[in-house]
Number of protein chains: 2
Amino acid sequence: MSQDLILNQRFVLASRPKGAPTPENFRLERQALPELEDGQVLLRTLYLSLDPYMRGRMSDAPSYAAPVQIGEVMTGGAVSVVEQSRHPKFHPGDQVVGSTGWQTHSIAKGDDLVVLPAGIPSPSLALGVLGMPGMTAYMGLMHIGQPQAGETLVVAAASGAVGSVVGQVAKLKGLKVVGVAGGADKCRYVVDELGFDACVDHKSPTFAQDLAAACDQGIDVYFENVGGEVFEAVMPLLNPRARIPVCGLIAAYNATDLPEGPDRLSLLPRLLLTKRIRMQGFIVFDDFGDRHAEFLAAMVPWVRDGKVRYREHVVEGLEQAPEAFIGLLQGHNFGKLVVKVSEA
Amino acid sequence: MSQDLILNQRFVLASRPKGAPTPENFRLERQALPELEDGQVLLRTLYLSLDPYMRGRMSDAPSYAAPVQIGEVMTGGAVSVVEQSRHPKFHPGDQVVGSTGWQTHSIAKGDDLVVLPAGIPSPSLALGVLGMPGMTAYMGLMHIGQPQAGETLVVAAASGAVGSVVGQVAKLKGLKVVGVAGGADKCRYVVDELGFDACVDHKSPTFAQDLAAACDQGIDVYFENVGGEVFEAVMPLLNPRARIPVCGLIAAYNATDLPEGPDRLSLLPRLLLTKRIRMQGFIVFDDFGDRHAEFLAAMVPWVRDGKVRYREHVVEGLEQAPEAFIGLLQGHNFGKLVVKVSEA
């Protein structure tokens with residue numbers, strides 16, 4: 001089988017966004033793939049994950065990961081099937097997970113890939129509840145949030161890939177769980193389907209009061225994945241010795257200018273001091289990458305037994321990825337956003 | 001011995017300060033002390049500790065401790081000698097430590113007092129290097145700062161009661177230690193006497209550049225006790241996975257208004273996320289009160305052997321306390337500030 005018959009389609013970064021990304025920031029390219037070298041595998045993408053962190057990679061501002069360069073393929077995790085292999089561990093037909101980008105095919109080092117978790121009900125879950133977002137939720141909650149039964153936890157984007165897992169695991173640990181989500185449909189789902197104790201609509205003009213009413217015992221764990229107005233409403237409700245794992249700040253990703261004054265920078269250290277709060281940023285694979293087995297051992301049975309539920313928002317076709325991603329940053333998705341790139 | 005011969009002198013809070021405290025916020029009163037009840041002891045104050053946290057107790061803004069009420073004696077730790085006792089554990093002549101306030105005599109519950117640490121070279125050290133400030137330094141550094149040999153630590157108020165211990169213990173743990181202090185005399189003392197690797201003068205117009213030059217490998221632990229311009233100069237120098245124990249924010253204690261904008265509140269969570277930083281406020285006796293023995297076991301030998309050095313700034317006479325305290329908030333002291341109230 002000659003490999004020059006494989007024509008890859010991929011999205012590269014065409015330009016860096018100013019504020020919210022637009023379709024013009026992405027460019028679809030066709031590309032003939034080179035021959036495999038020893039240790040490499042040829043992959044066909046089944047599902048591409050779209051996640052808020054990708055907005056950071058489109059900018060060249062200092063961050064925790066190197067930016068995507070102009071003309072480079074957009075970064076992203078995906079589930080793929082092995083088409084050809086020159087790595088002893090992988091064989092055609094194997095399904096794998098790797099950071100292989102926004103493209104229909106890829107050539108990857110076998111050593112950079114992991115096989116799908118055993119017992120997974122559907123391959124795409126390795127990008128969601130059983131993948132990076134689920135592990136972000138689990139590790140941040142358990143190891144920084146340190147939840148104690150009877151405490152109150154708040155998490156925003158509560159119907160999303162991370163928030164939904166944070167809240168459900170916290171419920172399993174005996175906490176009172178209050179979600180924040182955008183709109184009545186999502187809030188209903190969070191309470192009725194995911195089993196949160198309450199969910200507050202951040203689009204409501206009475207959001208801050210509604211959150212305070214739902215958290216009548218204050219907040220002991222705030223799992224931070226959005227920032228902005230939600231964090232500001234949370235701040236006065238935090239209890240002494242609260243913990244704040246910070247995995248994302250989606251509300252600020254598209255911001256270009258700081259808001260007008262006064263300058264409240266000093267208020268946050270003062271809050272941390274007077275209430276003896278721990279606030280800690282983390283990147284799941286960098287900080288907890290060696291605990292993947294611990295995560296799967298806990299989460300796979302919960303998912304299989306229906307104790308942790310999930311919702312996927314599946315978009316069909318790689319060409320839809322830019323529009324779906326732009327919508328993700330505006331909260332248009334409902335559940336974990338994945339692009340179905342090809343059939344298994 | 002009739003107790004109505006004892007005339008106590010004490011400073012009460014006369015009014016709440018707006019901004020920096022003034023002498024008018026304090027009032028010296030004379031008071032005849034009542035008879036002892038069972039379980040109580042009559043104390044004569046030897047040394048009164050003056051510490052920045054007292055500024056917080058003078059305000060009724062929400063904080064980690066209840067404010068001093070108008071007309072109440074100013075709060076404060078002190079070393080005292082037992083004059084009379086109706087508690088089985090204490091006898092006249094014993095020296096004890098307790099939170100007995102700004103006064104020449106006090107009546108305390110014996111159960112609220114601790115005996116002076118064994119092997120202490122001088123009683124006043126129980127208010128400094130072997131007392132609350134030293135324990136604040138040790139616990140915050142070891143349990144939140146988690147210092148690793150070869151890392152770089154920065155601490156401000158480096159010649160003061162907390163900063164001097166933070167830096168010296170970090171040196172004993174193998175870190176590079178950079179202090180921040182106000183003026184050439186203090187900086188010289190921090191390097192020459194305390195053994196820090198460098199000390200940067202925050203009064204210099206090139207302070208931020210000087211700090212960056214001294215921290216050429218970035219900052220791994222920033223022990224926060226001042227806030228303000230020092231924290232702002234530290235922020236861009238923080239390394240990934242840095243730790244920031246927060247024990248105080250003296251630069252902000254007298255602030256009445258927030259500075260002009262833009263509003264940079266969102267920058268701190270973003271910094272914590274992108275650099276995966278842990279920032280945590282703590283109050284030593286609330287969060288680490290059960291570890292007093294651990295502290296003394298480490299620190300008493302270090303002090304006795306000269307491995308941790310200290311400097312005291314002793315003011316003579318209770319009547320000097322308000323002026324000395326006002327100066328403390330402006331950095332006028334040089335070393336741990338204590339008031340000698342009476343002779344042992």
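In UniProt, an unreviewed entry places the feature "domain: Enoyl reductase (ER)" at residues 21–339 of chain A. Keep in mind as you look around that this is a predicted model. Over residues 21–339 of chain A, the chain is 27% helix and 24% strand. The end C-alpha atoms of that stretch sit 18 Å apart.

Let's start with helix α2 of chain A, which covers residues 132–145. One of its partners is helix α3 of chain A, residues 163–172. The two pack at an angle of about 45°, and their axes are 8 Å apart. An angle like that makes α2(A) oblique to α3(A). The crossing of α2(A) and α3(A) is right-handed. Which residues of α2(A) and α3(A) make the contact? From α2(A) come A:Gly134, A:Ala137, A:Tyr138, A:Leu141 and A:Met142, while α3(A) brings A:Val165, A:Val166, A:Val169 and A:Ala170. Sorted by class, the contact of α2(A) with α3(A) has 8 nonpolar residues, 1 polar one and no charged ones.

Helix α2(A) also packs with helix α9 of chain A, residues 292–304. Here the angle is about 105° and the axes are 10 Å apart, so α2(A) is roughly perpendicular to α9(A). On the α2(A) side you'll find A:Gly134, A:Met135, A:Tyr138, A:Met139 and A:His143. They meet A:His292, A:Glu294, A:Phe295, A:Ala298, A:Met299 and A:Trp302 in α9(A). This contact of α2(A) with α9(A) splits into 7 nonpolar, 3 polar and 1 charged residues.

Now hop over to chain B. Helix α2 of chain B (residues 132–145) and helix α10 of chain B (residues 292–304) cross at roughly 105°, with axes that come within 10 Å. The pair α2(B) and α10(B) is therefore roughly perpendicular. In α2(B), the residues involved are B:Gly134, B:Met135, B:Tyr138, B:Met139 and B:His143. Across from them in α10(B) are B:His292, B:Glu294, B:Phe295, B:Ala298, B:Met299 and B:Trp302. By class, the contact of α2(B) with α10(B) has 7 nonpolar, 3 polar and 1 charged residues.

| Helix pair | Angle | Axis distance |
|---|---|---|
| α2(A) and α3(A) | about 45° | 8 Å |
| α2(A) and α9(A) | about 105° | 10 Å |
| α2(B) and α10(B) | roughly 105° | within 10 Å |

Next up, the backbone. Most residues other than glycine have a negative phi, and most peptide bonds are trans. With that in mind, is the peptide bond from A:Gly261 to A:Pro262 cis or trans? The bond is cis, with omega near 5°. A:Pro262 lies in the loop between β12 (238–246) and α7 (267–274) of chain A. In chain B, the bond from B:Gly261 to B:Pro262 is cis too, with omega near 10°. B:Pro262 sits in the loop between α7 (250–253) and α8 (267–274) of chain B.

A:Arg276 is worth a look as well: its phi is near 55°, a positive value in a residue other than glycine. You'll find A:Arg276 in the loop between α7 and β13 (278–281) of chain A.

Last stop: B:Ser59, in the loop between α1 (54–57) and β4 (78–85) of chain B. What does the side chain of B:Ser59 make a polar contact with? Its partner is the side chain of B:Arg55, at 2.8 Å. Leaving out residues up to four places away in sequence, B:Ser59 touches B:Arg16 and B:Pro67.

Methods. Residues are numbered from 1 along each chain as its sequence is written. Chains are lettered from A and ligands numbered from 1 in the order in which they are written. This is a predicted model: local features need pLDDT of at least 70, side-chain atom pairs count only at pLDDT 80 or more; totals for chains, interfaces and linings use all residues. Side-chain values use heavy atoms; hydrogens and water are left out. Axes are lines fitted to C-alpha atoms, for helices over the stretch in contact, and angles run from 0 to 180 degrees between N-to-C directions. Helices (H or I, at least four residues) and strands (E, at least two) are DSSP runs, numbered from the N terminus. Angles under 35 degrees count as roughly parallel, over 145 as roughly antiparallel, 65 to 115 as roughly perpendicular and the rest as oblique. A crossing is left-handed if the near helix is turned anticlockwise from the far one by less than a right angle, and right-handed if clockwise. Contact means heavy atoms within 4.5 Å. Ala, Val, Leu, Ile, Met, Phe, Trp, Tyr, Cys and Pro count as nonpolar, Asp, Glu, Lys and Arg as charged, and the others, Gly among them, as polar. UniProt positions are given in the numbering used here, feature names are shortened, and annotations may be inferred rather than shown by experiment. A polar contact is a pair of N or O atoms within 3.5 Å; within protein, one must be able to donate a hydrogen and the other to accept it, and residues adjacent in sequence count only if both atoms are side-chain atoms.
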